[in-house]
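The questions below work through the packing of helices and aromatic rings in a model. Please look over the sequence and the structure before reading the answers.

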Amino acid sequence: MTDLALPPTRDRTDRGSGVARRRRVPGWALGLAVPLIAVLAWEFGAGVGWVSTRLIPAPSEIWQTMSGLAADGLLLSHVLATTRRVLIGFVLGALAGTLLGAATGVWRRFDTLFDPTLQALRNIPSIAWTPLFILWFGIFEASKVLMIALGVFFPVYLTFSAAIASVDRGLVEVGRAYGFGTPKLVRRILFPASLPTYIVGLRNGLGLGWMFVVAAEFLGASAGLGYLLVDGQQTGRPAVIITSIVLFAVLGKLTDWILASAGRRLTGWQDGFAPIEGST
(Lines give C-alpha, C1' and ligand atoms only; values in the text may rest on other atoms or scores of the structure.)
Protein backbone atom coordinates (compact mmCIF):
# COMPACT_ATOMS: atom_id res chain seq x y z
CA MET A 1 0.00 0.00 0.00
CA THR A 2 1.49 3.31 -1.08
CA ASP A 3 1.74 6.08 1.49
CA LEU A 4 0.35 9.37 0.33
CA ALA A 5 2.34 12.38 1.44
CA LEU A 6 0.10 15.21 2.50
CA PRO A 7 1.16 18.74 1.53
CA PRO A 8 2.60 20.72 4.43
CA THR A 9 0.08 22.90 6.20
CA ARG A 10 0.73 26.49 7.11
CA ASP A 11 0.04 27.18 10.74
CA ARG A 12 -1.06 30.47 12.20
CA THR A 13 2.54 31.48 12.91
CA ASP A 14 3.42 31.19 9.24
CA ARG A 15 0.36 33.21 8.28
CA GLY A 16 1.26 35.83 10.87
CA SER A 17 4.85 36.09 9.65
CA GLY A 18 3.65 36.46 6.06
CA VAL A 19 1.34 39.27 7.05
CA ALA A 20 4.12 40.90 9.04
CA ARG A 21 6.41 40.84 5.99
CA ARG A 22 3.74 42.49 3.85
CA ARG A 23 2.92 45.16 6.41
CA ARG A 24 4.78 48.38 5.78
CA VAL A 25 3.75 50.35 8.87
CA PRO A 26 4.27 48.83 12.34
CA GLY A 27 1.13 48.29 14.39
CA TRP A 28 2.28 50.55 17.22
CA ALA A 29 2.79 53.40 14.72
CA LEU A 30 -0.74 53.00 13.38
CA GLY A 31 -2.03 52.99 16.93
CA LEU A 32 -0.41 56.38 17.53
CA ALA A 33 -1.95 57.93 14.42
CA VAL A 34 -5.32 58.86 15.93
CA PRO A 35 -4.00 60.54 19.14
CA LEU A 36 -1.26 62.30 17.16
CA ILE A 37 -3.76 63.73 14.66
CA ALA A 38 -6.04 64.78 17.54
CA VAL A 39 -3.16 66.56 19.33
CA LEU A 40 -2.09 68.38 16.15
CA ALA A 41 -5.67 69.47 15.42
CA TRP A 42 -6.05 70.58 19.05
CA GLU A 43 -2.82 72.62 18.90
CA PHE A 44 -3.83 74.18 15.59
CA GLY A 45 -7.31 75.05 16.88
CA ALA A 46 -5.83 76.68 19.98
CA GLY A 47 -3.32 78.62 17.87
CA VAL A 48 -5.92 80.14 15.53
CA GLY A 49 -8.40 80.84 18.33
CA TRP A 50 -10.96 78.14 17.57
CA VAL A 51 -10.41 76.60 21.01
CA SER A 52 -10.53 78.68 24.21
CA THR A 53 -7.15 78.10 25.87
CA ARG A 54 -8.48 79.53 29.13
CA LEU A 55 -10.51 76.38 29.77
CA ILE A 56 -8.84 73.94 27.36
CA PRO A 57 -5.10 74.64 27.27
CA ALA A 58 -3.13 73.81 24.14
CA PRO A 59 -1.07 70.61 24.13
CA SER A 60 2.12 72.71 24.21
CA GLU A 61 0.98 74.35 27.47
CA ILE A 62 0.11 70.95 28.95
CA TRP A 63 3.57 69.70 27.98
CA GLN A 64 5.16 72.70 29.70
CA THR A 65 3.11 72.00 32.84
CA MET A 66 4.13 68.35 32.80
CA SER A 67 7.79 69.27 32.26
CA GLY A 68 7.66 71.76 35.14
CA LEU A 69 6.19 69.16 37.51
CA ALA A 70 8.81 66.65 36.38
CA ALA A 71 11.65 69.14 36.92
CA ASP A 72 10.43 69.79 40.47
CA GLY A 73 10.33 66.04 41.19
CA LEU A 74 6.60 66.21 41.97
CA LEU A 75 5.44 64.35 38.89
CA LEU A 76 7.44 61.21 39.62
CA SER A 77 6.26 61.08 43.24
CA HIS A 78 2.61 61.40 42.17
CA VAL A 79 3.01 58.75 39.44
CA LEU A 80 4.76 56.30 41.78
CA ALA A 81 2.18 56.79 44.54
CA THR A 82 -0.74 56.09 42.22
CA THR A 83 0.96 53.19 40.42
CA ARG A 84 1.89 51.52 43.71
CA ARG A 85 -1.69 51.73 44.96
CA VAL A 86 -3.10 50.33 41.72
CA LEU A 87 -0.65 47.42 41.56
CA ILE A 88 -1.14 46.38 45.19
CA GLY A 89 -4.92 46.72 44.88
CA PHE A 90 -4.86 44.80 41.59
CA VAL A 91 -2.95 41.87 43.11
CA LEU A 92 -5.29 41.66 46.12
CA GLY A 93 -8.47 42.04 44.08
CA ALA A 94 -7.36 39.64 41.34
CA LEU A 95 -6.35 37.00 43.89
CA ALA A 96 -9.68 37.19 45.71
CA GLY A 97 -11.62 37.24 42.43
CA THR A 98 -9.70 34.23 41.12
CA LEU A 99 -10.28 32.13 44.24
CA LEU A 100 -13.98 32.93 44.55
CA GLY A 101 -14.50 32.69 40.79
CA ALA A 102 -12.92 29.25 40.75
CA ALA A 103 -15.02 28.12 43.72
CA THR A 104 -18.35 29.27 42.24
CA GLY A 105 -17.41 27.99 38.79
CA VAL A 106 -16.45 24.51 39.99
CA TRP A 107 -18.85 23.85 42.87
CA ARG A 108 -22.56 24.48 42.36
CA ARG A 109 -23.18 24.86 46.10
CA PHE A 110 -20.67 27.72 46.33
CA ASP A 111 -22.34 29.38 43.36
CA THR A 112 -25.80 29.08 44.94
CA LEU A 113 -24.53 30.35 48.27
CA PHE A 114 -22.30 33.30 47.28
CA ASP A 115 -23.13 34.44 43.75
CA PRO A 116 -26.46 36.23 44.45
CA THR A 117 -24.86 38.35 47.17
CA LEU A 118 -21.80 39.16 45.08
CA GLN A 119 -23.94 40.11 42.09
CA ALA A 120 -25.91 42.51 44.29
CA LEU A 121 -22.73 44.08 45.71
CA ARG A 122 -21.30 44.42 42.21
CA ASN A 123 -23.94 46.99 41.31
CA ILE A 124 -23.12 49.41 44.13
CA PRO A 125 -21.37 52.54 42.74
CA SER A 126 -17.75 52.95 43.79
CA ILE A 127 -18.38 56.36 45.34
CA ALA A 128 -20.98 54.81 47.67
CA TRP A 129 -18.26 52.76 49.37
CA THR A 130 -16.16 55.83 50.17
CA PRO A 131 -17.80 56.83 53.50
CA LEU A 132 -17.70 53.24 54.78
CA PHE A 133 -14.06 52.74 53.82
CA ILE A 134 -13.12 55.97 55.60
CA LEU A 135 -15.04 54.83 58.68
CA TRP A 136 -13.60 51.32 58.67
CA PHE A 137 -10.00 51.89 57.59
CA GLY A 138 -9.36 55.62 58.03
CA ILE A 139 -7.95 57.91 55.35
CA PHE A 140 -4.56 56.24 55.03
CA GLU A 141 -3.20 53.72 52.52
CA ALA A 142 -5.26 50.72 53.63
CA SER A 143 -8.58 52.29 52.64
CA LYS A 144 -7.23 53.38 49.24
CA VAL A 145 -5.70 50.01 48.36
CA LEU A 146 -8.75 48.04 49.51
CA MET A 147 -11.07 50.27 47.52
CA ILE A 148 -9.03 49.61 44.38
CA ALA A 149 -9.02 45.88 45.20
CA LEU A 150 -12.82 46.01 45.41
CA GLY A 151 -13.01 47.47 41.91
CA VAL A 152 -10.66 44.82 40.52
CA PHE A 153 -12.40 41.94 42.29
CA PHE A 154 -15.78 41.93 40.56
CA PRO A 155 -14.77 41.71 36.86
CA VAL A 156 -12.14 39.06 37.65
CA TYR A 157 -14.60 37.03 39.72
CA LEU A 158 -17.43 37.26 37.19
CA THR A 159 -15.27 36.51 34.14
CA PHE A 160 -13.40 33.59 35.68
CA SER A 161 -16.53 31.98 37.11
CA ALA A 162 -18.32 32.26 33.76
CA ALA A 163 -15.25 31.01 31.86
CA ILE A 164 -15.03 27.85 33.97
CA ALA A 165 -18.76 27.21 33.63
CA SER A 166 -18.51 27.45 29.83
CA VAL A 167 -15.68 24.90 29.42
CA ASP A 168 -16.62 22.15 26.97
CA ARG A 169 -18.26 19.30 28.88
CA GLY A 170 -16.47 16.79 26.64
CA LEU A 171 -13.09 17.91 27.97
CA VAL A 172 -14.30 17.43 31.54
CA GLU A 173 -15.60 13.95 30.72
CA VAL A 174 -12.22 13.01 29.24
CA GLY A 175 -10.55 14.14 32.47
CA ARG A 176 -12.99 12.12 34.54
CA ALA A 177 -12.33 9.08 32.34
CA TYR A 178 -8.62 9.40 33.15
CA GLY A 179 -9.43 9.46 36.85
CA PHE A 180 -8.79 13.16 37.49
CA GLY A 181 -10.01 14.35 40.86
CA THR A 182 -11.35 17.89 41.26
CA PRO A 183 -7.97 19.56 42.03
CA LYS A 184 -6.28 17.89 39.07
CA LEU A 185 -9.29 18.58 36.86
CA VAL A 186 -9.06 22.28 37.70
CA ARG A 187 -5.30 22.38 37.15
CA ARG A 188 -5.11 20.31 33.97
CA ILE A 189 -8.37 21.11 32.15
CA LEU A 190 -10.59 23.83 33.60
CA PHE A 191 -7.94 26.47 34.20
CA PRO A 192 -6.10 26.08 30.84
CA ALA A 193 -9.39 26.03 28.91
CA SER A 194 -10.65 29.19 30.63
CA LEU A 195 -7.30 31.02 30.57
CA PRO A 196 -7.95 33.25 27.49
CA THR A 197 -11.22 34.54 28.97
CA TYR A 198 -9.64 34.84 32.42
CA ILE A 199 -6.94 37.14 31.02
CA VAL A 200 -9.67 39.36 29.54
CA GLY A 201 -11.17 39.53 33.02
CA LEU A 202 -7.80 40.53 34.48
CA ARG A 203 -7.50 43.31 31.92
CA ASN A 204 -10.99 44.54 32.73
CA GLY A 205 -10.15 44.43 36.42
CA LEU A 206 -6.95 46.39 35.86
CA GLY A 207 -8.88 49.04 33.93
CA LEU A 208 -11.37 49.38 36.78
CA GLY A 209 -8.45 49.57 39.21
CA TRP A 210 -7.25 52.72 37.42
CA MET A 211 -10.78 54.13 37.63
CA PHE A 212 -11.22 53.30 41.31
CA VAL A 213 -7.88 54.87 42.24
CA VAL A 214 -9.33 58.31 41.46
CA ALA A 215 -12.13 57.79 43.99
CA ALA A 216 -9.63 56.23 46.40
CA GLU A 217 -7.30 59.23 46.20
CA PHE A 218 -10.18 61.53 47.06
CA LEU A 219 -9.94 59.98 50.55
CA GLY A 220 -7.50 62.53 51.92
CA ALA A 221 -4.49 61.63 49.76
CA SER A 222 -1.48 63.91 49.84
CA ALA A 223 0.15 62.37 46.77
CA GLY A 224 -1.01 60.69 43.59
CA LEU A 225 -2.52 61.64 40.25
CA GLY A 226 -5.99 61.82 41.79
CA TYR A 227 -4.69 64.32 44.33
CA LEU A 228 -3.02 66.27 41.51
CA LEU A 229 -6.31 66.32 39.62
CA VAL A 230 -8.23 67.71 42.61
CA ASP A 231 -5.46 70.22 43.31
CA GLY A 232 -5.72 71.49 39.74
CA GLN A 233 -9.47 71.90 40.11
CA GLN A 234 -9.23 73.74 43.44
CA THR A 235 -6.53 76.10 42.20
CA GLY A 236 -8.18 76.71 38.82
CA ARG A 237 -5.39 75.19 36.70
CA PRO A 238 -6.94 73.21 33.82
CA ALA A 239 -3.49 72.31 32.47
CA VAL A 240 -2.78 70.37 35.67
CA ILE A 241 -6.15 68.60 35.43
CA ILE A 242 -5.54 67.54 31.81
CA THR A 243 -1.98 66.52 32.70
CA SER A 244 -3.40 64.13 35.31
CA ILE A 245 -5.94 62.74 32.84
CA VAL A 246 -3.26 62.19 30.17
CA LEU A 247 -1.01 60.40 32.67
CA PHE A 248 -3.90 58.16 33.76
CA ALA A 249 -4.44 57.24 30.10
CA VAL A 250 -0.75 56.57 29.43
CA LEU A 251 -0.16 54.52 32.59
CA GLY A 252 -3.39 52.58 32.11
CA LYS A 253 -2.48 51.74 28.53
CA LEU A 254 1.08 50.76 29.49
CA THR A 255 0.01 48.37 32.25
CA ASP A 256 -2.73 46.91 30.04
CA TRP A 257 -0.17 46.33 27.26
CA ILE A 258 2.13 44.51 29.69
CA LEU A 259 -0.72 42.29 30.90
CA ALA A 260 -1.97 41.64 27.36
CA SER A 261 1.55 40.74 26.16
CA ALA A 262 1.95 38.28 29.02
CA GLY A 263 -1.46 36.83 28.18
CA ARG A 264 -0.52 36.30 24.54
CA ARG A 265 2.56 34.37 25.61
CA LEU A 266 0.51 32.17 27.93
CA THR A 267 -2.16 31.48 25.29
CA GLY A 268 0.10 31.06 22.27
CA TRP A 269 -1.37 27.59 21.79
CA GLN A 270 -4.80 29.03 21.01
CA ASP A 271 -5.69 28.85 17.32
CA GLY A 272 -8.22 31.66 17.26
CA PHE A 273 -9.40 34.01 14.54
CA ALA A 274 -6.68 36.21 13.08
CA PRO A 275 -7.93 39.74 12.27
CA ILE A 276 -8.20 40.42 8.55
CA GLU A 277 -5.57 42.72 7.08
CA GLY A 278 -6.71 45.39 4.64
CA SER A 279 -10.20 45.77 3.20
CA THR A 280 -10.62 42.35 1.62
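Q: At roughly what angle do the axes of helix α5 (residues 108-122) and α7 cross?
A: This is a predicted model, in which local features need pLDDT of at least 70 and side-chain atom pairs count only at pLDDT 80 or more, while totals for chains, interfaces and linings use all residues. Residues are numbered from 1 along each chain as its sequence is written, and side-chain values use heavy atoms, with hydrogens and water left out. The axes, lines fitted to C-alpha atoms over the stretch in contact, with angles from 0 to 180 degrees between N-to-C directions, come within 11 Å for α5 and α7 and cross at roughly 135°.

Q: How are α5 and α7 oriented to each other?
A: Angles under 35 degrees count as roughly parallel, over 145 as roughly antiparallel, 65 to 115 as roughly perpendicular and the rest as oblique. With axes that cross at roughly 135°, α5 and α7 are therefore oblique.

Q: Which residues of α7 make the contact with α5?
A: Contact means heavy atoms within 4.5 Å. On the α5 side it is made by Asp115, Leu118, Gln119, Leu121 and Arg122, and these meet, on the α7 side, Phe153, Phe154, Tyr157 and Leu158.

Q: How do the rings of phenylalanine 133 and tryptophan 136 pair?
A: The structure holds 13 aromatic pairs, counted when ring centres of Phe, Tyr or Trp (its six-membered ring) lie within 6.5 Å, with planes under 30 degrees apart called stacked, over 60 edge-to-face and the rest tilted. Phenylalanine 133 and tryptophan 136 have ring centres 6.2 Å apart and planes at 40°, so this pair is tilted.

Q: Is tryptophan 136 buried or exposed?
A: Phenylalanine 133 and tryptophan 136 are three residues apart in helix α6 (residues 126-137), separated by about one helical turn. Buried means under 20% relative accessible area, exposed over 50% and partly exposed in between (1.4 Å probe, protein chains only). Phenylalanine 133, at 5%, is buried, whereas tryptophan 136, at 52%, is exposed.

Q: How many residues apart in sequence are the parts that the pair of phenylalanine 160 and phenylalanine 191 ties together?
A: The rings of phenylalanine 160 and phenylalanine 191 have centres 6.0 Å apart and planes at 85°, so the pair is edge-to-face. Phenylalanine 160 lies in helix α7 (residues 141-165) and phenylalanine 191 in helix α9 (residues 182-217), so the sequence distance between the parts is 31 residues.

Q: Which residues does threonine 130 touch, not counting those up to four places away in sequence?
A: Threonine 130 lies in helix α6, and at 11% relative accessibility this residue counts as buried. Beyond four places in sequence, threonine 130 touches Met147 and Leu219.

Key
Helix = DSSP H or I, 4+ residues; strand = E, 2+ residues; numbered from the N terminus.
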